[in-house]
Amino acid sequence: MSAEKPRRSRLPEAPDTPSGYRQTRRGSTALRSARRAQKKHDVALAATRGARGFRNVLLVIVQALAIVGLTMIVLLLIANGVNTFVRWNSQRIAEKASSPEERDRLSQENVLIVGVDGDKAVGFLAVRVDRTTGQVFGIAIPDGAFVDIPGRGFERMGEAWEAGADVALSTVSNFFTVPFVDYVAVPADAYQSAVSSQSVSALPSVAVSSSLSADELASLTSELEKIPQKSVALVPLPVKPIKLGDQTYFEPQRDEIADLLKTWWGVDVTDEDQAPRVIVYNGAGKPGIAGQAAQVLIRSGFRVIDTKNADDFNYKKTEIVVRRGDLARGEEVRKALGIGSVVVDTSTADVTDVIVIIGKDYKPK
């Protein structure tokens, strides 16, 4: 039976020290041998202690590295969990914000007030009436603001009103990525007075035209009259004046507008999941058909960033090409248009999320 192995290496035993020697030659030899043995023992002892110390230091380092490694793994798991939750929650919020029910709810809070002088618009006031908190928020858009009018390209905002109330509503909805389905047109002087005095309660009662019924206008007037003036905030659209010939245009300042939309409407215009970007091409050759399709998409929650002619007008069928995202995104577009074949052809270019080429089979709603 073998002897039990010691758990730790033992230190070398010290040599025996000669004792009782005398001052003789034999005694001197024994003394020298004892000194050599002691030196050898000291060296062995130092080596053993050094090895033991090195082993202990190495053990401490390994333990420390193990603790650091485990800590990093735990932190990575926590960070991954937090990141997954944030993405899931953002997607959930985006899906909720882009759902038809939520857009319908939001649209009921919004109304576009248009100051008119005859057939011309002098200004547009995009208003949100927050009935829960009893507040009114509004952004005044000058008629000279340079915006993308669906089907017409970049023009003065006033041009949208000349194209019709639906075009003006689609233009504002697309520009703010906030649904506006109702409007109230009021005399220019009443409009200017309301903006300067920060009071909109009297505007519905002086409407010259509106998408709202008489009862709805009366109800809106009653609701606005209950909101104190201190709870009304109307600000001009942040713009930069641009002089082109005799005309002065106003370039909207996107970053400042995004802050207003985030604060007042809770809309993040940089979140493509809330409002996927779409470019619409006219591949059928029918004048205005791309703009009509664009308005349909805008009302369904998409943001149309451009409308233009296709490379030719011989597309028999409507095509929907997903450039960023998956097939489901294209299916949402197809559902809104009611027609189209969907293909996924992803691109790394951050230009648009979906391309639609309107074919001859598209029938405007």
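Predicted model: local features only at pLDDT ≥ 70, side-chain atom pairs only at ≥ 80, totals over all residues.
This report walks through a surface patch, a cavity and some side-chain pairs.

Residues are numbered from 1 along each chain, and side-chain values use heavy atoms, leaving out hydrogens and water.

V74, L75, I78, V82, F85, V86 and W88 make a nonpolar surface patch of about 690 Å². Patch members have over 30% relative accessible area and no salt bridge, with nonpolar side chains joined within 5 Å; the areas come from the Shrake-Rupley method with a 1.4 Å probe. L75 sits in helix α1 (residues 25–98); helices are DSSP runs of H or I with at least four residues, and strands are E runs of at least two.

Now inside. There is 1 cavity of 30 Å³ or more, a cavity being a set of points on a 1 Å grid where a 1.4 Å probe fits but cannot get out. The largest has a volume of about 40 Å³, and its lining (residues with an atom within 4 Å of a point) includes R103, N174 and F302.

On to the pairs.

| Pair | Kind | Distance |
|---|---|---|
| F146 and Y249 | aromatic, edge-to-face, 70° between the planes | 5.2 Å centre to centre |
| E109 and R128 | salt bridge | 2.9 Å between the closest N and O atoms |

Aromatic rings pair if their centres lie within 6.5 Å, and planes over 60 degrees apart count as edge-to-face. F146 lies in strand β4 and Y249 in strand β10, so their pair ties together parts 103 residues apart in sequence.

A salt bridge puts a Lys or Arg side-chain nitrogen within 4 Å of an Asp or Glu carboxyl oxygen, and the count is 15.

Note on methods. Patch = residues over 30% accessible without salt bridge, like charges linked within 9 Å, V, L, I, M, F, W, Y side chains within 5 Å. 1 Å grid on protein atoms, 1.4 Å probe; cavity = no way out; pocket = protein on both sides within 12 Å on 5 of 7 lines; lining within 4 Å. Points joined across faces, edges and corners; volume = space filled by probe spheres on them. Phe/Tyr/Trp six-rings, centres within 6.5 Å; stacked < 30°, edge-to-face > 60°.
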